[in-house]
Amino acid sequence: MIETSLSTVLAAEEVSTPFQLAGTTWPDFAWLIPVFPFVAFFVILFFGKRMRTSGTVVGIVAIAASLVVSLGVFSQAYLHPGFVEEKKVILTPFGDGRLTLGMKVDGLAALMFVIVCLVSLLVQVYSTSYMDGDSRYTFFFAMLSLFTTGMLIVTIADNLMLMLVGWEIMGVCSYFLIGHFWEETPNSNAAIKAFLTTRVGDVGFMIGIFILFWGAQSFEFSTIIERAESGEMPRNLVVAGTVAIFFGAVGKSAQFPLHTWLPDAMAGPTPVSALIHAATMVASGIYMVARLYPVFELSGPALNLIGVLAAITMTMAALIALVQDDIKKVLAYSTVSQLAYMTAGLAVGGYTAGFFHLLTHAAFKGLLFLGAGSVIHAVHSNNMSEMGGLRRYLPRTHATYLVGCIALAGIPPLAGFWSKDEVILDAYWAAGFGHPHEDVATSPIVGKMVFASAVVTAVLTAFYVTRMYCLTWLGTYRGKGTPHESSAAMTVPLMVLTVPAAVLGFWGSPLWPDAHNIKRVVAFAGQPYHAPELLPIVAGTSVALAVLGVVVGFAIYGKGLPRRDPTLHMGLVTKTLQRKFFLDDLYLHAIVRPTRSTIAAGSYWLNQHVFDAPPNLAGKGAVLAGRAAYAVDRNVIDGTVNGSGRTASFTGRALALVQNGNVQAYATGMFVGVLALAVAFAAR
Amino acid sequence: MHLVYPTVLAALLFAIGVYGVLARRNAVLVLMSIEIMLNAVNINLIAFNAWLQDTLLAGQIFGLFVIAVAAAEVGVGLAIVLLIYRTNETVDIDSLTELGDAQGAQRDAQLAQRGVDRSAAGAGAEAQVR
Amino acid sequence: MTLAQAAPGYADVTAQEVIFLLLGLVAVASAVLVVTTKNVVHAALWLVVTLAAVAGSYLMLTAEFLAWVQVLIYIGSVVVLLLFGIMLTKAPIGGTAGLDGENRVAAGIVATALGGTLATLMIDAFRHAYIDLDDFTASGAEETGSAIFQHYVLPFEVVSVLLLAALIGSIVLSRNDEGGR
């Protein structure tokens, strides 16, 4: 039963947005955004091998089309901050709930569309050159399209079930994409690790969905938010649901303790790292929390949990990044750390701050990953110990990479500074310092923890970024052969991303016109608006610390790799960091090995003897029945038939004895008969 | 006289005749026994005729006819016996069993045995196939 | 009809009854000998005695004509015929051992049963019946002849034809095949 119901809520006055058709607005067509890459997936999968360009053009055109629509929707969001459009198609009613296919387009979603489509487009263009000659080229592109579809479904969904669908699509695609070079076991292991770790988080996610459904009797975001805010949903269900659902974010957004998959996922091709780990999949957890933020705001324990985990992750990942030799691993740990920044922002009530940081991070981390890919492509090695002095060989890549590094380090006026500063500011207020505009549900202790770790991480970030930069681009080249600059297909996306990495920060700064500030665009209904602020004490401290980190970094690594890399000679500290705080070992011995040996064996036994017992018994029973039937057929049925035959012939033979040819015997018989008759008649 | 006497006499003679027919081996002796039986019947007829005092003497006339028929029957019967004697060199009834199925019974037994063997072989073949 | 007439009891034995009983005894005895003797020719001769006794019974039952016809036909021709048969089939003149067939026991049982049944039946049915030999019409040759040729002509003619058929039949049967069919 399919009904369509349409509810459109447009705030403010009708100002025409660019290029819209009469009578419709861009958001009316927002549902096309996930459709284009989904269609492209099927086309590439079935026909890609036969096309001249192996299906890449299909993928790129599809995502470009989605980007166009996304920009249209974004223009609506920018010009009408606070608008919401929802449409739904009811699939099946069941009980009190309904399964619907619906879209909820507001400022948050519009922004996410643009990020996802833009980064996906750039990655696909980049991959035409990077993955050229690969044996599974077409399949790679099909998976890229499907992955993008999954992320867009997560973005556009208006209910938790649909979001879960997109969530799982991304999970599966990440397995395929990370495990692209599966011929080597470490790569396929990495893919399995990524899939299983995020799966563990997904269990919590699903439990959270069901708890929230139980409380709100609906899967839809709007309904859940409304019921939670109005108090219809019992408070314990709110808390339990948000805590459980956050575990999905812990898995997908690589927070402690489920962060271990992300560095190992660097085994996949670099464009995949750029797409999945910079901009999209890891952002989906943040996005999900942002969608349900009004519910999270009511749940202090959830916010505290988020804050604690963020604080731990932030610092831990930054420390581990100090001792890495693989350039992609540095970026991976950096991603984990920056993701923790985003979740920290959400934890301390800085909904906009966290999302703003997501935005800028997508730009500069994507830039850094793609740049790293260009370097790896030129040097044919991931290790920074085999790089050095590359600024002479790859000038264009160097320029863009430098912009990305400055942004990541948080040096103003580049994007990273503005977003990081907002997070730190919100943490500062949540910690109880200064004069916060409003109260947040986070406890001040957690706020202090977040603030402290954010500040420390800022220093560490600046340091390891400088280390990475110096080891790669400065000094003398330590590798083999002569590296050469990459093709236009690879450098143009880099240059495109430089722009937002540089200037995007201003959108959330006090320098932007207030009416269309990111805070207004991204705000959810009912969120009180406060203009972005720059508190000199906080901002000044963070800048000073970042500069400190950079200076120290240059001091040590300014001339390229020193003879004794200090980070590798810190004794026990180095060992701990290199072993990633022994977390991988802990998981291996505590979880993986027992599961593989005991639980696997137990499950196998259970499967063979308990679950397979009914079919096996049925089979044996069927065989026995067959044999019994055969026996019955042979002995009873055939026996009857044969027996009747034998009886007949036996009777015949017996009777034949009567016919012995002796007439007198016959006569005797006759007389006996006559006598009998006579007696019978006489007796009557 | 009491009617019982002639009728019982007839019954006894009849029974004796029956014994002779069934027991005697020589065909001619069988014919003789048949004559005894016919005479018994005749006694009965005459006795009842006397008892009923039939004016038409039906019993006696009928008895007369019985005698005539008996004579004819003996004539034809002996002709047959002679023919049998000519063919078989004997008039021993016990040896005249060509109409019997004794050989047939034997043949049946043989066939049955062969059939059992065949079905046993067939079952064996079936078991092998399976 | 004298059926319902009260018959004198069995204790009153008349002369006819005595003679009849004696004749009956002779008949039964000789019949037994016919069926049990080991000599074929003796069997035929005992048959003669039986038939003669039966003829005597006929006389006792006032069937004179029939009695003499019995003697003439039966003893005169039938037994002669039987003796011819014995001679032509080369029956052994002396006694032979196995003259009784295999069927003896069964035959004995059947015969005894039959005789017993019939006798019981007769006695039971005709216990009170009595042939009144004094008061009745004659049944000599004259009466028998007029009965035949007045009332039973047709059966008489048929019997003639029957005898003719039997005659022809036996001739045909006993003919040698040299004449060809």
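Helices here are DSSP runs of H or I with at least four residues, numbered from the N terminus. This is a predicted model, so local features need pLDDT of at least 70 and side-chain atom pairs count only at pLDDT 80 or more, while totals for chains, interfaces and linings use all residues. Residues are numbered from 1 along each chain as its sequence is written, chains are lettered from A and ligands numbered from 1 in the order in which they are written, and side-chain values use heavy atoms, with hydrogens and water left out.

**View 1. A nonpolar surface patch on chain A.** Start with Leu196(A), which sits in helix 6 of chain A. Leu196(A) is one of the residues making a nonpolar patch of about 960 Å². (Patch residues have over 30% relative accessible area and no salt bridge, and nonpolar side chains, meaning Val, Leu, Ile, Met, Phe, Trp and Tyr, are joined within 5 Å; accessible areas come from the Shrake-Rupley method with a 1.4 Å probe, and for residues only the protein chains shown count as cover.) Its other members include Phe38(A), Phe42(A), Phe139(A), Tyr175(A) and Ile192(A). Helix 1 (32-47), helix 5 (160-178) and helix 6 (185-216) of chain A each give two or more residues to the patch. The largest share, five residues, comes from helix 1 of chain A.

**View 2. Where chain B meets chain C.** Here 69 residues of chain B are in contact (heavy atoms within 4.5 Å) with 91 residues of chain C. The two chains bury about 7200 Å² between them, and carbon and sulfur atoms give 76% of that. (Buried area is the accessible area, 1.4 Å probe, that two parts lose on being put together, summed over both.) On the chain B side, helix 1 (4-23), helix 2 (27-52) and helix 3 (58-88) each give two or more residues. Helix 3 of chain B brings the largest share, 23 residues. By class, that side has 52 nonpolar, 12 polar and five charged residues. (Ala, Val, Leu, Ile, Met, Phe, Trp, Tyr, Cys and Pro count as nonpolar, Asp, Glu, Lys and Arg as charged, and the others, Gly among them, as polar.)

**View 3. Salt bridges between chains B and C: a zero count.** Look for a side-chain nitrogen of Lys or Arg within 4 Å of a carboxyl oxygen of Asp or Glu, and the count between chain B and chain C is zero.

**View 4. Where chain C touches chain A.** Eight residues of chain C are in contact with nine residues of chain A. About 690 Å² is buried between these chains, 76% of it on carbon and sulfur atoms. Asn103(C), Val110(C) and Leu114(C) supply 59% of the area that chain C buries against chain A, more than any other three residues.

Definitions and conventions. Patch = residues over 30% accessible without salt bridge, like charges linked within 9 Å, V, L, I, M, F, W, Y side chains within 5 Å.
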